[in-house]
Structures are given as structure tokens and as C-alpha cells.
Amino acid sequence: MKKCIVVSDSFKGTLSSQEICTLAAQRLEAYFPGCEVVRIPVADGGEGTVACFHEACGGTLVSVPVSGPYGEAITAEYLQLPGRQAVIEMASAAGLPRVEDRKDPCKTTTYGVGQLIRHAAEVAGDLGQSLQIQTGVVIGALQSRHDGLGGGLRRAIAQRAQAGVHHV
């Protein structure tokens with residue numbers, strides 16, 4: 001075999017997509033010496049998305065103190081890219097890895113996700129303008145729905161941008 005392309009998402013709760021690609025590459029290289037192995041870690045928008053974008057695009061990881069899903073103080077991160085762009089992963093602040101075995105959508109909040117978005121927008125420049133026009137923020141909570149419907153996220157963004165954000 002001359003070339004093999006390894007593409008993998010994470011195995012939830014066990015290995016990241018980067019770890020799976022690395023392990024597969026190691027095994028392929030051992031069984032097929034001289035084989036060129038191309039690793040392409042991917043993510044579906046949940047945990048691991050920022051890491052995949054970071055590996056593919058570079059950029060700077062930014063750590064931010066935010067509220068966790070139960071209001072506890074945590075540190076979450078997003079990826080800052082050139083051109084006033086950012087990749088924000090909801091799971092970093094409010095995903096299943098953060099709630100662990102305490103799954104209770106009636107008690108959790110997405111406020112920390114809004115804090116991440118607000119921070120990224122403030123770094124990019126004027127918060128209201130960047131959210132509406134220049135950066136074109138897209139908030140997607142695919143595979144995530146609860147009675148709060150992202151209310152905490154909206155409150156965190158609006159907290160310091162009430163005049164500039166008309167619809168999120």
C-alpha cells in the first residue's frame with residue numbers, strides 16, 4: 001500500500017479524533033512500511049471541533065473564564081483565526097463532557113457559551129457591529145436542545161451588547 005488516508009471523528013468519551021488518527025497511522029506504518037499516511041481528524045460540531053479546526057487552519061487558542069453548565073467557574077477555549085474570525089465550540093462551556101453524569105437540562109445553562117461568543121466578538125472589535133455585520137456570527141446548537149432554548153447563551157451575549165444585537 002502506497003498511501004492511506006485516515007479520517008475519523010472522536011469516539012465519544014474515549015478518544016479524540018486526533019488520538020484515533022495518530023493510533024491508526026502508527027499501526028498502518030507498522031504493517032505497511034513506507035506507506036504515506038495522511039491524518040484528517042474531523043468533528044461534527046461538538047467536542048473536538050476547535051481542535052480539528054486548529055490542526056487544519058492554525059490560529060490561536062484562547063482560554064476564557066466562563067460559567068459552566070451548573071454555574072460553576074470553569075475555563076473554556078475557542079480558536080481565534082486571522083481576519084476577525086473565531087471557532088467556538090459549545091461543548092467547551094456547556095457540553096456533555098462538562099456535565100458528566102449530572103445530566104439535568106432543567107438545571108443547566110448555556111450562559112458560558114454566550115460568554116465565549118461575547119469574548120471572541122470583543123477581541124474582534126466593536127461587539128454590536130461585529131456580531132451583526134463584519135464577523136457574521138452563526139450560532140448552531142445542532143444535537144443540543146432543552147427547555148432553556150439557549151436562553152443563557154443569549155443573556156450572556158446581550159449583557160454587554162444590548163444596543164448592538166437585535167437578533168441572535
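## Basis and overall composition

A residue counts as buried when its relative accessible area is under 20%, as exposed when that area is over 50%, and as partly exposed in between. By that cut-off Arg84, with a relative accessible area of 37%, is partly exposed. The model described here is a predicted one.

The chain contains seven helices and five strands, and, read from the N terminus on, its elements follow the order β-α-β-α-β-β-β-α-α-α-α-α. Of the 168 residues in the chain, 36% are buried, while the accessible surface comes to about 9,900 Å², with 54% of it belonging to carbon and sulfur atoms. Among contacts between residues at least 6 apart in sequence, 58% join residues that are at least 24 apart.

Helix 1, which spans residues 17-31 and has 15 residues, reaches 21 Å from its first C-alpha to its last, close to the 21 Å expected at 1.5 Å a residue. Its buried residues are Ser17, Gln18, Ile20, Cys21, Ala25 and Leu28, and these cover an arc of only 160 degrees around the axis, which puts them on the same side of helix 1. An α-helix has 3.6 residues a turn, so residues three or four places apart point the same way. The cover over the buried residues of helix 1 includes strand 1 (3-8), strand 2 (36-41) and helix 2 (49-57).

In helix 2, the residues Thr49, Val50 and Cys52 are buried; seen down the axis of helix 2, they fall within an arc of 160 degrees, so they line one face of the helix. These buried residues pack against helix 1, strand 2, strand 3 (60-67), strand 4 (73-81) and strand 5 (85-87). Helix 2 is followed by Gly58, a residue whose phi is positive, near 80 degrees.

In soluble globular proteins, nonpolar side chains tend to be buried together. The largest nonpolar core in this model has 13 residues, and those with the most contacts inside it are Val64, Val66, Ala76, Tyr78, Ala93, Val113 and Leu116. Strand 3, strand 4, helix 3 (90-94) and helix 5 are the elements that give two or more residues to this core, and the largest share, four residues, comes from helix 5.

Tyr78, when its neighbours within four places in sequence are left aside, is in contact with Val50, Thr60, Leu61, Val62, Val64, Ala86, Val87, Ile88, Leu116, His119, Ala120 and Val123. A second, separate core of seven residues includes Val6, Ala25, Cys35 and Val37. Ala25 is also one of the buried residues of helix 1.

## Salt bridges

Side chains of opposite charge can pair when their charged atoms come close. The structure holds four salt bridges, and one of them joins the side chains of Arg39 and Glu55 at 3.3 Å, N to O. Arg39 lies in strand 2 and Glu55 in helix 2, so this pair ties together parts that are 16 residues apart in sequence. Arg39 is partly exposed, with a relative accessible area of 32%, and Glu55 is likewise partly exposed, at 38%.

Glu72 forms a salt bridge with Arg102, the closest N and O atoms being 3.9 Å apart. This pair links distant parts of the chain, with Glu72 in the loop between strand 3 and strand 4 and Arg102 in the loop between helix 4 (96-99) and helix 5 (111-124), 30 residues apart. Glu72 is partly exposed, at a relative accessible area of 26%, and Arg102 is partly exposed at 37%. A further salt bridge is formed by Lys107 and Asp104, whose closest N and O atoms are 3.9 Å apart; here Lys107 is exposed, with a relative accessible area of 59%, whereas Asp104 is partly exposed, at 24%.

Arg84 has a positive phi of about 60 degrees although it is not a glycine, and it is found in the loop between strand 4 and strand 5. Glu100, which is not a glycine either, has a positive phi of about 55 degrees. Glu100 lies in the loop between helix 4 and helix 5. With a relative accessible area of 52%, Glu100 is exposed, whereas Arg84 is partly exposed at 37%.

Key. Residues are numbered from 1 along each chain as its sequence is written. This is a predicted model: local features need pLDDT of at least 70, side-chain atom pairs count only at pLDDT 80 or more; totals for chains, interfaces and linings use all residues. Side-chain values use heavy atoms; hydrogens and water are left out. The expected span of a helix is 1.5 Å times one less than its number of residues. Buried means under 20% relative accessible area, exposed over 50%, partly exposed in between (1.4 Å probe, protein chains only). The arc is that of the directions from the helix axis to the C-beta atoms. Contact means heavy atoms within 4.5 Å. Accessible areas come from the Shrake-Rupley method with a 1.4 Å probe; for residues, only the protein chains shown count as cover. A nonpolar core is a set of buried Ala, Val, Leu, Ile, Met, Phe, Trp, Tyr and Cys residues joined through side-chain atoms within 4.5 Å.
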